[in-house]
Amino acid sequence: MVFKSGAKVESDEQLALEAQRGANASLLVLAERYYAPIFRYLYRLCDGNRMLAEDMTQNVFLRMQRGLTGYQYPRPFRTWLYSIATNLMRDHWALRDTRDTDTIDVPEQAGEAQHESEAAFIEKEDATRVRAALRGLSELHRQTIVLYYYEELSQSDIAAVLDVPLGTVKSRLFNALRNLREILETSSP
Amino acid sequence: MTANNQRHERVKQRLLDDGFSPSEFAGLPDLDRWDDPEIDVSHKTQVLMSLQRPERNVPNRAQFALTLLKAQLRVVQRGVWMATAFSIVLGVIATLALYGSTDTFALALIAPLAAAAGIAFIYGPDADPPMEILLTVPTSPRLVLLARLVLVFAFDLALGLAATALLTGVLQVALWPLLTMWLAPMVFLSALAFFGSVMFADSLAGVMVSLCAWFVLCAGYLTRSGGSIVPDFTASSAQAPLWIGACALCVAAFWLIGVEEHWVRSE
């Protein structure tokens with residue numbers, strides 16, 4: 001249990017156990033807590049494709065609901081949920097690779113810049129450059145960077161999410177940072 | 001300091017803690033340029049709505065077992081209860097009538113057979129819908145049958161114990177020897193009847209198999225003892241084969257049901 005501001009706040013793991021026993025209210029609390037982080041994570045993995053990220057987010061929570069019996073206490077619920085999202089994304093990429101090119105995901109456009117201020121325009125240009133840099137990374141490196149940087153997961157949590165040894169996460173992070181630096185340096189204006 | 005800058009400072013600190021040198025994350029500041037996406041509240045609501053379902057209480061194992069037993073109580077034919085009870089009452093009356101003039105303890109002769117006949121009727125076309133329909137319910141046919149077996153055998157056992165206790169009081173004899181006279185044969189014949197009805201998918205076949213086995217046992221004992229027609233199973237050496245045989249027959253019967261289940265599923 002976690003105590004916050006005098007009120008009793010149940011831990012994710014406690015809620016997951018209750019949801020396993022059929023408490024739908026606990027399941028909804030978990031979904032409420034994790035909607036934003038999971039959407040954010042998938043949004044960045046989807047290269048900013050909002051529609052796809054929303055679809056994937058919905059699928060993550062449906063899969064969470066269906067697969068709750070597979071959750072084993074005391075594994076941290078957070079890493080369990082992120083691993084569902086990661087696997088779903090992996091399945092999507094695998095499926096996309098077997099499809100025709102006309103189904104390739106289209107990211108949100110940074111355009112419509114003609115009506116914006118110069119500062120806003122530069123900001124969007126920078127965001128586009130970062131997105132492009134992340135897109136330039138391999139899927140494994142992108143996952144690692146997004147989990148480490150944007151989701152602020154520890155290396156051991158990332159290892160649990162990606163189901164790889166801690167040493168692999170360390171080397172992936174090192175290589176991802178190096179690649180990212182190279183990409184950003186070459187794309188600097 | 002903006003939220004992104006704060007995050008960047010935290011990540012930088014973590015990288016240092018994780019053993020990275022500042023030169024290794026030199027390109028990192030630019031990542032903050034990609035802001036967190038805004039959350040579409042209507043989509044979030046839609047996701048939460050899709051997870052809504054009526055509250056359900058998952059019963060614990062004891063509750064589940066109780067519910068299963070209650071359900072099977074209604075499935076077992078009323079005739080099974082009545083016939084067994086009637087046979088046991090008959091056994092008590094016969095014992096009271098015969099005891100004294102002969103050494104025959106009639107209840108020990110009747111109770112195993114009555115129990116076996118009852119058990120034989122828990123499986124078969126009269127008691128169960130076809131396997132195809134059974135397989136559509138969430139509880140496995142084996143578990144359903146086990147519940148029914150436990151229920152009917154518990155009833156037989158309770159009646160046998162009650163009758164024995166009554167006779168012990170009336171006839172002023174020791175309880176344990178009387179109990180051992182019929183308990184092991186009852187268990188064995190019930191298991192045999194159960195196996196027979198599963199093997200031949202016919203309740204009457206189960207009754208006949210157990211009846212024949214009991215007849216053979218009694219006749220064999222009669223020729224050896226030259227007096228009593230009730231086999232003497234009070235010795236533990238005589239009981240052991242019956243208990244072992246009963247276990248083996250039950251295992252075989254449940255295995256057969258599993259084979260049938262597998263066969264129907266693969267059709």
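Reader: Which are the buried residues of H6(A)?

Author: The buried ones are A:His141, A:Arg142, A:Gln143, A:Thr144, A:Ile145, A:Val146, A:Leu147, A:Tyr148, A:Tyr149 and A:Tyr150. Before we go on: this is a predicted model, where local features need pLDDT of at least 70, side-chain atom pairs count only at pLDDT 80 or more, and totals for chains, interfaces and linings use all residues, while side-chain values use heavy atoms, with hydrogens and water left out. Residues are numbered from 1 along each chain as its sequence is written, and chains are lettered from A and ligands numbered from 1 in the order in which they are written.

Reader: What makes H6(A) largely enclosed by the rest of the structure?

Author: Buried means under 20% relative accessible area, exposed means over 50%, and partly exposed is in between (1.4 Å probe, protein chains only). In H6(A), 10 of the 12 residues are buried, so this helix is largely enclosed.

Reader: And what span is expected for helix H6 of chain A, and how far does it reach?

Author: Helices here are DSSP runs (H or I, at least four residues), strands are E runs of at least two, and both are numbered from the N terminus. The expected span is 1.5 Å times one less than the number of residues. Helix H6 (residues 139–150) has 12 residues, and its first and last C-alpha atoms are 16 Å apart, close to the expected 16 Å. After H6(A) comes A:Glu152, with a positive phi near 55°.

Reader: How do you know that A:Arg33 and A:Asp12 form a salt bridge?

Author: The rule wants a side-chain nitrogen of Lys or Arg within 4 Å of a carboxyl oxygen of Asp or Glu. For A:Arg33 and A:Asp12 the N to O distance is 2.5 Å, so the pair qualifies. A:Arg33 lies in helix H2 of chain A and A:Asp12 in helix H1, so the bridge ties together parts 21 residues apart in sequence.

Reader: What joins the side chains of A:Asp12 and A:Arg33 under the polar contact rule?

Author: A polar contact of 2.5 Å does. That rule asks for a pair of N or O atoms within 3.5 Å; within protein, one must be able to donate a hydrogen and the other to accept it, and residues adjacent in sequence count only if both atoms are side-chain atoms. As for contacts (heavy atoms within 4.5 Å), A:Asp12 touches A:Leu30, A:Arg33, A:Tyr34 and A:Phe77, leaving aside residues up to four places away in sequence.

Reader: What does A:Asp47 form with A:Arg135?

Author: Another salt bridge, with the closest N and O atoms 2.5 Å apart. This pair links distant parts of the chain, 88 residues apart: A:Asp47 is in the loop between H2 and H3 of chain A, and A:Arg135 is in helix H5. A:Asp47 is buried at 11%, whereas A:Arg135 is partly exposed at 42%.

Reader: How do you know that A:Arg63 forms a salt bridge with A:Asp91?

Author: The closest N and O atoms are 3.7 Å apart, which is within 4 Å, so the pair counts. A:Arg63 belongs to helix H3 of chain A and A:Asp91 to helix H4 (residues 77–98), 28 residues apart. Over all chains the count is nine salt bridges.

Reader: How many salt bridges does the rule find across the interface of chain A and chain B?

Author: Three. In one salt bridge, B:Lys44 pairs with A:Glu32 at 2.9 Å between the closest N and O atoms. H2(A) gives the most to the side of chain A that touches chain B, with 12 residues. That side divides into 24 nonpolar, seven polar and 14 charged residues, where Ala, Val, Leu, Ile, Met, Phe, Trp, Tyr, Cys and Pro count as nonpolar, Asp, Glu, Lys and Arg as charged, and the others, Gly among them, as polar.

Reader: What is the area buried between chain A and chain B?

Author: About 4100 Å², with carbon and sulfur atoms giving 58%. Buried area is the accessible area (1.4 Å probe) that two parts lose on being put together, summed over both. In contact terms, 45 residues of chain A meet 37 residues of chain B.
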